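Biologist: I am new to this structure. Please show me how to read its features, one at a time.

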Amino acid sequence: MISPTKASRKPKVWMSRLGAAVLLAGLGGCGSNAAVDPTAEQDPVVADAVNDPIMADPDLASQNRGNAALTGGGPASAQIPPFNRSPEEIERARTAAASPFGGKIDPAPAPQRTAPQSQLAGAQTPLAVAAALGLADGVCGQSFGFSATWAAKLPIALQVYPRGHTLIAGGSDDPLCKLRSVRFVTPVPVGDVIDFYYASAGKANLMPQRAREGSDEVVSGGLEDRGFMVYARQRADGLTEVDLVTSGL
């Protein structure tokens, strides 16, 4: 749960630019798929095994570095091993993403609002991302920790995109601040990623909405003191980089 002060801010964070018509449209996009409990978490051991970066570098193949580069008192800066970005790998990721939706994900709507610059411009760490979204003050900022295992603690309804690779993650499980902030990359195009999270949020009854901020494509939504935000962009190397933040879920 989040403190009453934070709870009162949530409509501003998650829903500030959303009209009643958009809310109804978001709910209408949920389809006939069974609703998912957005507060449920995946088993961290299972998630670590599924989302662990592929050790494609021969010099690293014999190592099991685990989370060594991503744990400690603050964010670490380290290159992850290169991973498969072939058309076959992209298709495997798309297939896995579509599986919970009967093999086909409906396209997300066009952005319902635009802004000239992303709120996350210049935010390089999970804590900075959360702070840019107004979620890292007070207890959240003080209790925030960095570890790749926070990616495994995301709610089941809003996991890292299938076969994606976590770069850095952080969060808090303080009773007054349940927060996750994860940055990952995938070879799947930005549009497919946005479609996936819009559909996932709709299935979990989180009333998703679409936006574009600068070069970032955005999906966000939530109910009362529970919400999420997804910011996706294409990097210079062609990979899609995603910031995924959940609060109260």
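Biologist: Which residues do ring pairs link into a cluster?

Modeller: Rings of Phe, Tyr and Trp (its six-membered ring) pair if their centres lie within 6.5 Å; planes under 30 degrees apart count as stacked, over 60 as edge-to-face and the rest as tilted. Here, ring pairs join Phe-101, Tyr-161, Phe-196 and Tyr-197 into a cluster. This is a predicted model, where local features need pLDDT of at least 70, side-chain atom pairs count only at pLDDT 80 or more, and totals for chains, interfaces and linings use all residues. Residues are numbered from 1 along each chain as its sequence is written, and side-chain values use heavy atoms, with hydrogens and water left out.

Biologist: How many aromatic pairs does this rule give?

Modeller: The count comes to 4 aromatic pairs. Take Phe-144 and Phe-146: their ring centres are 5.4 Å apart and their planes stand at 70 degrees, so this pair is edge-to-face. Tyr-161 and Phe-196 have ring centres 5.0 Å apart and planes at 75 degrees, so they are edge-to-face. That pair links distant parts of the chain, 35 residues apart. Tyr-161 is in the loop between helix H7 (149-152) and strand S3 (165-174), while Phe-196 is in helix H8. Helices (H or I, at least four residues) and strands (E, at least two) are DSSP runs, numbered from the N terminus.

Biologist: Are Tyr-161 and Phe-196 buried or exposed?

Modeller: Buried means under 20% relative accessible area, exposed over 50%, partly exposed in between (1.4 Å probe, protein chains only). Both Tyr-161 and Phe-196 are buried. Phe-144 is buried too, at 11%, and Phe-146 is buried at 9%.

Biologist: Which charges lie over the face of a ring?

Modeller: The test asks for NZ of Lys or CZ of Arg within 6 Å of the ring centre and within 35 degrees of the ring normal. Lys-203 lies over the face of Phe-101, 5.3 Å from the ring centre. Lys-153 lies over Trp-150, at 4.4 Å.

Biologist: Which residues of H4 are buried?

Modeller: Glu-89, Ile-90, Ala-93, Ala-97 and Ala-98. Down the axis of H4, the buried residues fall within an arc of 170 degrees (directions from the helix axis to the C-beta atoms), so they line one face. They pack against helix H8 (190-203).

Biologist: Where is Thr-246, and what is it in contact with?

Modeller: Thr-246 is in strand S8 (residues 240-247). Its relative accessible area is 1%, so Thr-246 is buried. Contact means heavy atoms within 4.5 Å. Leaving aside neighbours within four places in sequence, the contacts of Thr-246 include Leu-154, Lys-178, Arg-180 and Phe-228.
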